Amino acid sequence: MRTILHVDLNNFYASVECLYRPELRNLPVAVAGDPENRHGIILAKNMIAKKLGVKTGEALWEAKLKAPGLVTMSPDFAKYLRFSRLARKIYYDYTDQVEPFGIDECWLDVTGSMHIFGDGKTIADAIRQRVKEELGVSVSIGVSFNKIFAKLGSDMKKPDATTLIPYEGFKEIVWPLPVEDLLYVGKSTSKKLHNFGLTTIGRLAQVDVNVLTNNLGKWGEVLWLFANGLDTAPVRKIDEHTAVKSIGNGTTCPRDLVNNEDVRLVFTVLAESVAARLRDYGLKCTGVQIYLRDNLLYSCTRQGQLKSPSYLSTEIIAKAVELLAANYSWQRPLRSIGVRAIGLVTEKGNIQLSLFDNIDEERERQESLVHTIDSIRSRFGHGSLLRASCLLDSRLTAFNPKEDHVIHPVSFFK
Amino acid sequence: MPRINLTVNVRHEISGNAIPTSIVWEDGRVFEIDKILDMRKAASLKAGGLGIRYICRICGKTVVLFNDDGLWFMER
């Protein structure tokens, strides 16, 4: 039986801001994006704001209705990353198996170090105490025998608490909980499960697994295993990088996009970042996917193949624009768009050469050009070399997705 | 603000430890640190910040200094 801890930094962004601004500690505080650029949603809030009903993800004006005295601050991701790193350093004192899940959560497998530091609860309490003293923020920790229940445990008591879900007796603790508490039961899955009368984790666990697979596909079985405590996923060490499946960037624009030219400008910035990230990983993509969301928040994705694997932004932009032209007829202006490189292959892999076009020489020239651009940018900064089209509408293009957005969402299934 | 940013004279030892030897007060007076009573990583809830905390004795008084990545400050 393993012993796994899930450590969750409580109200992370807001706690960090409150630590640096002691005078705000007794006021409702929220960290929010910039409403001027239409990123004005709540990213995190402190306990006082939470009690007033402020929710993560809601618009700033909604939150201000609930909490009139709400103090809002813009996020400082560099600071949060530093805290995240410092917290992880503390975890490494107890085990080398630390798997981050986002910026503020980590799984720790302490099975091998229990004979040194004591049982799971002792280690959890020690970590809680140290984080509080050394970083001035609180964590809640779930201790269990698999990753899913450890995460469930850390969500049960907040803030600054340890929750045990031992193998003996997990049924009494976990099974009465609503099925939505389980990782990966979102809005639509929970709706389906509720239709079968599966409202609690216990009911999900006791139903015949075939009923679930017939109705939910392979996800049904996965959720059934989760509910029965049969998840066997290991806690990965941080350097066990798993293969990247796709690389994408997206943005919500400061104003609605109204024509293909607007979209091309934003696609240019996004594709430049995607292409640069592909080159960093030594990968090429064989396909491009675009993501469109209009001003009523309806969204769709479309994808297409490239003629040959590429990490050139020009080719990615061309494909993205082609997909847009073929699939969107401007019923409504667009609010958010994204570009994703899919079907990744290694840069040095063999490719099918074309018998008729002599594009390969030109391609080589292009590739060495982008590498030169990369090295200029790494020496003198991203802004030192930009496409001229970025000057057409600087409000739309004044962002750098590669370096500004350092926090990427992660998946449990790597 | 209960936080005072300070100029601090520091001795860097072979072990990598940074030991503050004296502080320069706001009016320019220099105070020797007589003794360091405690040295550990900690957050300052009072002054707002974190780093390595030095509890020092200066002229018979206990003073709490913080080294936040090279930025030194004192809790009032």
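Guide: Two strands count as paired if DSSP finds at least two bridges between them. Keep that cut-off in mind; this model is predicted.

Visitor: How do you know that S2 of chain A is joined to S3(A)?

Guide: Three bridges link strand S2 (residues 29-32) of chain A to S3(A). The cut-off is at least two, so they pair. They run antiparallel. Within S3(A), A:Ile42 is the residue opposite A:Ala32.

Visitor: In what order do the three strands of the open sheet in chain A lie?

Guide: The order is S3-S2-S4, with mixed pairing.

Visitor: What makes strand S3 and strand S4 of chain A edge strands?

Guide: Strand S3 (42-45) and strand S4 (71-73) of chain A each pair on one side only. From one strand to the next, the twist averages 30 degrees.

Visitor: How do you know that helix H1 of chain A packs on the sheet?

Guide: Helix H1 (residues 12-20) touches S2, S3 and S4 of chain A. Contact means C-beta atoms within 7 Å, so H1(A) has residues within that limit of these strands. Its direction makes about 115 degrees with that of S2(A).

Visitor: Which residues touch the most other members of the largest nonpolar core?

Guide: A:Leu5, A:Ala30, A:Leu108 and A:Leu204 do, out of 66 residues. H1(A) gives this core its largest share, six residues.

Visitor: What does A:Ala30 touch, beyond four places away in sequence?

Guide: Its contacts include A:Ala14, A:Ile42, A:Val54 and A:Leu70. A second, separate core of 29 residues includes A:Leu265 and A:Ile316.

How values were computed: Residues are numbered from 1 along each chain as its sequence is written. Chains are lettered from A and ligands numbered from 1 in the order in which they are written. This is a predicted model: local features need pLDDT of at least 70, side-chain atom pairs count only at pLDDT 80 or more; totals for chains, interfaces and linings use all residues. Helices (H or I, at least four residues) and strands (E, at least two) are DSSP runs, numbered from the N terminus. Axes are lines fitted to C-alpha atoms, for helices over the stretch in contact, and angles run from 0 to 180 degrees between N-to-C directions. Two residues are in contact if their C-beta atoms, placed from the backbone, lie within 7 Å. A nonpolar core is a set of buried Ala, Val, Leu, Ile, Met, Phe, Trp, Tyr and Cys residues joined through C-beta atoms within 7 Å. A residue is buried if 20 or more other C-beta atoms lie within 10 Å of its own, exposed if 12 or fewer, and partly exposed in between; C-beta atoms are placed from the backbone.
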